[in-house]
Amino acid sequence: MSAFMAVLQRDLRLALRRKSEVLTAVFFFVVVATLFPLAIGPEPETLRKIAPGILWVGAMLASLLSLGRLFAPDYQDGSLEQMALSQAPLPVLVAAKVTAHWLLSGLPLALLSPLLAVQFGLDGPTMGVLLLSLLLGTPLLSCIGAVGAALTLGVRGGEVLLSLLVLPLYIPALVFGSGAVEAQQSGLAYSAHLSILMAMLLMAGFFGPWACAVALRIALE
Amino acid sequence: MLSASHISCVRADYTLFSGVSFDLAPGECLHLEGGNGVGKTSLLRILAGFAPAAQGEVRWQGQLLGSSACRLAQDLLYLGHQLALKEELNALENLQAGAAIAGTPVMREAALAALQQLGLGSRATLPVRVLSQGQKRRVALARLVVQTQPLWLLDEPFVALDGPAQQLVVSLMQAHLARGGMVLFTSHQPVDFAGRSRSYRLGA
Amino acid sequence: MEQLRIRWFQWAAPQSFYPIAGRWWPFFAALAAGLALVGLYLGFFVAPTDFQQGEGYRIIFVHVPASWMSMVIYLAMAFWAFLGFTFNTRLSGMMTQALAPTGAMFTFLSLWTGALWGKPMWGTWWVWDARLTSELILFFLYMGYIALTSAIDDPRRADRAGGLLALVGAVNVPIIYFSVKWWNTLHQGASVSVTKGSSMAQTMLWAMLLMALAFWAYSIAMALYRVRSIILQRERHARWVQEVVA
């Protein structure tokens, strides 16, 4: 079995035995999506208008929650050292960890979004675009967030610092992701937004693990 | 052949150690001695390539550590202070995952045999968190049986092991040396190696 | 060529750079003061009253150069970070850290002057204009860098982690700017433009240019001054520092 698959399999297996972590992100997303109508008022027109933004920000924050645990356990128990010494390139192993993170937090969020969209009164096609935008956006968030997680490994106050570092970098994804949904709502073409999102995902997917590996080696010194 | 020349290490503000030089040839074993806090683990991590030395250089097979020609990653087996074990996985899963992640996967039978050799045959499928400290260390040390890298850097391998287990590890090391491997280990406990190892004392 | 390389690396040693910085920062500070005086005079007294915006527009002589400097300094930080990773010199990390507070200050200044400008013009303290929003995000990037480097105890790790963050940020700044512009045009937001609706008089351009140069000289002076403290602090166990301090 290749090293990439070994890391992926191990992380997934660990998550299955420690289910609470997966559920935290999902539950947070649900709570956020429920709190906003309560705070703003149930008027359907307003809700429909703010839905893309709320759902996207909710997914972002939920994804951010689980980033703190991406590398920290491995750093603490010595597994990260072993990964750095592997014959497989560290960026490949990082890519496996990021993939596992997405499968465990990003993907459930994306799949859950149509259900939450019902609470905001979005129609079918819009829900479809929302799902698509989150399917493209959540892996992008995982890639970018991983770099932040690597930089703040073992640092005092790391979790809060992680949010500060990563949120500015999330903004392009947010703009184009929620923009796609809004475009669909207004009856405009959303493909440009999604194409840009895809392009960003490809770039982040390629350069992110590499930057992450550099940051991890800095943390291991 | 591992060679270190005039290595110095700086931690925060002060110099931990300086002027450390030694060579390790195939078939040789080096016991790094020294009290707590003198920098044994730091030196080991420099040799493993995690951190650069403040001064001096380390060479593996004549190639400078960190250069593209250096093949240390393929030839090194490093067992650090932390055991790199996942508590929720069992011993067998840990061993197989660890080997696969290192790029040198092992078959299930080989892994089981290794755990057997370290006296953990009956506990191979228990989650690691229920094992004792000594048993956990033996799971980590099982990698010595299944992996074939020539250079072993072991940080405190004998901690929490009882007499027979220590003897077992020593015999594993001796077998490795007989095959032409190299071992460098730290320990602040005295270890009976039947005179086959050199000592290097770190610190005053 | 070899001679030049050796000399460059000599300057890159903190011990050699310390007196160089000490000699040059007063010069840049004086230059900054001089240019600022002329620039402010031109901007506040000589430049004509704007046809549409009255007197209040004059804040742009601080706002626009501050925005420019906030971007330039971030690029400078990324440049030094890049040097640090390539040549592994200690001074590069120190320079990046020395530049950060000044860059953050200019970003902050740009945001405040933007607000002060916006209030009389548009009646609100904050406008979600593409440029202002990008400035705000740049401010967060600066804060992130400063927070990260302060939180890490080990100076070498702080330099390297901060350097990587600066590089990642620098690569992302165009992407962020582009996405914010897109977002702004999509939602037909307000545009706080300097040149919209009026042609720029010559004096206005000169004033802005002089202020930009003044800020640039000020940044260099502050960075050189600050890096001296950083050098002293980092190298405090070296003998030359003991002699300097004594």
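Which residue of β7(B) stands opposite B:Leu77? I shall come to that pairing after a word on conventions. This is a predicted model, in which local features need pLDDT of at least 70, side-chain atom pairs count only at pLDDT 80 or more, and totals for chains, interfaces and linings use all residues. Residues are numbered from 1 along each chain as its sequence is written, while chains are lettered from A and ligands numbered from 1 in the order in which they are written.

Let me return to the opening question. The residue opposite B:Leu77 is B:Trp152. Strands here are DSSP runs of E with at least two residues, and helices are runs of H or I with at least four, numbered from the N terminus. Two strands count as paired if DSSP finds at least two bridges between them.

These strands belong to an open sheet of chain B, in which 5 strands follow the order β6-β7-β8-β3-β9 with parallel pairing. At the edges are β6 (76-79) and β9 (198-201) of chain B, each of which pairs on one side only. On average, neighbouring strands of this sheet are turned by 15 degrees against each other, direction ignored. Axes are lines fitted to C-alpha atoms, for helices over the stretch in contact, and angles run from 0 to 180 degrees between N-to-C directions.

Two helices of chain B lie across strands of this chain. Helix α1, residues 40-48, lies across β3 (29-33), β6, β7 and β8 (182-186) of chain B, at about 155 degrees to β7(B). Helix α7 of chain B, residues 163-178, lies across β3, β7 and β8, at about 145 degrees to β8(B). Contact between two residues requires C-beta atoms, placed from the backbone, within 7 Å.

I turn now to chain A. Chain A has 9 helices and 0 strands. Buried residues make up 55% of its 221 residues; buried denotes 20 or more other C-beta atoms within 10 Å of a residue's own, exposed 12 or fewer, and partly exposed the range in between, with C-beta atoms placed from the backbone. Among contacts in chain A between residues at least 6 apart in sequence, 81% join residues at least 24 apart.

Chain C has 8 helices and 0 strands. Of its 246 residues, 43% are buried.

What of the nonpolar core? The largest has 209 residues, and A:Ala150 and A:Ala215 have the most contacts inside it. Such a core is a set of buried Ala, Val, Leu, Ile, Met, Phe, Trp, Tyr and Cys residues joined through C-beta atoms within 7 Å. Helix α7 (residues 202-234) of chain C gives the most to this core, with 17 residues. Leaving aside residues up to four places away in sequence, A:Ala150 touches A:Phe71, A:Cys212, A:Ala215, A:Leu216 and A:Ala219.

Finally, the contact between chains A and B takes 23 residues from each of the two chains. On the side of chain A that touches chain B, α1(A) gives the most, with 7 residues.
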